[in-house]
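Please read the following points alongside the sequence and the coordinates. They are arranged by element.

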Amino acid sequence: MEARSNTERHRQRQQKLKEQVDTRVAAATEKKGILIVFTGNGKGKSTAAFGTATRAVGHGKTVGIAQFIKGQWDNGEYNTLQPLGVEFHIMGTGFTWETQNRESDIHAAQSVWQESKRMLADAHYDLVVLDELTYMLAYHYLDTEEVIAAIANRPAHQTVIVTGRGCHSQLLDLADTVSEVRPVKHAFDSGIQAQAGIDW
């Protein structure tokens, strides 16, 4: 008797949850591209963006990717997605504490941004990933207003993903979806080296 009662209570809870979900699904009638921001100090922001890019490719979508900050090291995302037709533009200078040359970093950022701006204006692209873009705004390598305008004025169906710590408030305000990755533990803090296939 008690088992049957528990089963019935479970069924009723699940039915109520289903009705709530169905109501929300029915209310979501607008169809358009969205701006997604993955920010925060935890690991996994770029990983989330590239997971979404892989999903988009799996559905036959056209994807363009701009990687700010990234250096010349082997890149697992590129190795997988570029042969599948994903367009990449990689800044290639590495981390700013390694280059220590503001002018060359700005030049490299501007070069990748011009390609980003072209993709953001082209209705051919279903998804544009701007990986580590937040740093370019924080370091004033790119003009914030120009970046905001290019993202805001993109084709209506196009989705954009921005990643990086310390996302600018204007981008957060413009975004449709924002996820903040919070650090709890990181292997590097315990002296464990970054690993190919896991960290890059």
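**Notes on the fold and its buried parts**

1. The face of helix 2 that is turned away from its buried side carries the exposed residues T47, R55 and G58, where exposed means over 50% relative accessible area, buried under 20%, and partly exposed in between (1.4 Å probe, protein chains only). This is a predicted model, in which local features need pLDDT of at least 70 and side-chain atom pairs count only at pLDDT 80 or more, while totals for chains, interfaces and linings use all residues. Residues are numbered from 1 along each chain as its sequence is written, and side-chain values use heavy atoms, with hydrogens and water left out.

2. The chain's secondary structure comes to eight helices and six strands, these being DSSP runs numbered from the N terminus (helices H or I, at least four residues; strands E, at least two). Read from the N terminus, the elements follow the order α-β-α-β-α-β-α-α-β-α-α-β-α-β. The C-alpha trace spans about 75 × 45 × 35 Å along its principal axes, and buried residues account for 36% of the 200 residues in the chain. Among contacts (heavy atoms within 4.5 Å) between residues at least 6 apart in sequence, 73% join residues at least 24 apart.

3. The six strands form an open sheet with parallel pairing, in the order 3-2-4-5-1-6, two strands being counted as paired if DSSP finds at least two bridges between them. Strand 3 (87-90) and strand 6 (177-180) are the edge strands, each pairing on one side only. From one strand to the next the twist averages 10 degrees, with axes taken as lines fitted to C-alpha atoms, for helices over the stretch in contact, and angles running from 0 to 180 degrees between N-to-C directions. Strand 1 (residues 35-39) and strand 6 pair in the parallel sense over four bridges, and the partner of I36 in strand 6 is T177.

4. How many residues of strand 2 are buried? Five of the five are, so strand 2 is largely enclosed by the rest of the structure. Both of its faces are covered, with V63, I65 and Q67 buried on one side and G64 and A66 buried on the other. Strand 2 pairs with strand 4 in the parallel sense over five bridges, V63 standing opposite L127, whereas four bridges join strand 2 to strand 3, again running parallel, with G64 opposite E87. Helix 5 (residues 102-120) lies across strands 2, 3, 4 and 5, and runs at about 150 degrees to strand 3.

5. Returning to helix 2 (residues 45-58), its 14 residues reach 20 Å from the first C-alpha to the last, close to the 20 Å expected at 1.5 Å a residue, the expected span being 1.5 Å times one less than the number of residues. Its buried residues are K45, S46, A49, F50, A53, A56 and V57. They cover an arc of only 125 degrees around the axis, which puts them on the same side of helix 2; the arc is that of the directions from the helix axis to the C-beta atoms. What covers these residues includes strands 1, 2, 3, 4 and 5 together with helix 3 (76-81). Helix 2 is followed by G60, whose phi is positive, near 80 degrees.

6. K45, in helix 2, is buried with a relative accessible area of 9%. It touches F38, T39, G40, T163, G164, R165 and V181, not counting residues up to four places away in sequence. A polar atom of the K45 side chain lies 2.6 Å from the backbone oxygen of G42. K45 and D131, 86 residues apart in sequence, are 8.7 Å apart in space, C-alpha to C-alpha.

7. F68 sits in the loop between strand 2 and helix 3 and counts as buried, at 0% relative accessibility. Leaving out residues up to four places away in sequence, F68 touches M91, A109, V112, W113, S116, D131, E132, L133, M136 and L142.

8. In helix 7 (residues 144-152), T144, V147, I148, A150 and I151 are buried. Seen down the axis of helix 7, these residues fall within an arc of 165 degrees, so they line one face of the helix. Their cover includes strands 1, 4 and 5 and helices 5, 6 and 8.

How values were computed:
Polar contact = N/O pair within 3.5 Å; in protein donor to acceptor, adjacent residues only side chain to side chain.
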